[in-house]
Amino acid sequence: MTGLMKIGDLARATGVNPRLLRYYEEQGLITSQRTASGHRHYTAETVEGVERVRTLLAVGLSTAVIRELMPCFIAGTDLHPCAGADLQTHLDELEARIAEMEHTRASLGNLIAAAKANPPNAA
């Protein structure tokens, strides 16, 4: 199995701990080749795959969505237009959550202002 790296090598190359790499594999985000004794070996392309996963996790996508987007990668972290609809849906959901949080923040600010305007009566 020349040209392959063990999980520790992949962890060092990507900065991702082995436990998380095994999780990515369980989720179908990366793949490995197994030796007769069951050890995982990864190709150099897996480094790029882990970088893709990390990029998409960083923007808040779930592993389920990432798994669906994996076929849309062209090279590196460049995506084919087929990913556009899924990404737009995620952005729309994020915008809605931001709007809700802004409303909550304004309501909380109003409560704080009202509380400051009505100090407790001194006895």
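## Arg52 and its helix

R52 lies in helix α3, which spans residues 45-58 (helices are DSSP runs of H or I of at least four residues, strands are runs of E of at least two, and both are numbered from the N terminus). The model is a predicted one, in which local features need pLDDT of at least 70 and side-chain atom pairs count only at pLDDT 80 or more, while totals for chains, interfaces and linings use all residues. Residues are numbered from 1 along each chain as its sequence is written, and side-chain values use heavy atoms, with hydrogens and water left out.

With a relative accessible area of 14%, R52 is buried (buried means under 20%, exposed over 50%, and partly exposed in between, with a 1.4 Å probe and protein chains only). Although R52 and L29 are 23 residues apart along the chain, their C-alpha atoms are separated by 9.3 Å.

## The disulfide

A search of the whole structure finds 1 disulfide, a term for a pair of cysteine sulfur atoms within 2.5 Å. The bond joins C72 to C82, with an S to S distance of 2.1 Å. C72 lies in the loop between α4 and β4 (73-75), and C82 in the loop between β5 (78-79) and α5 (84-117), so the pair ties together parts that are 10 residues apart in sequence.

The two cysteines can also be described by their accessibility: C72 is buried, with a relative accessible area of 7%, whereas C82 is partly exposed, with a value of 42%.
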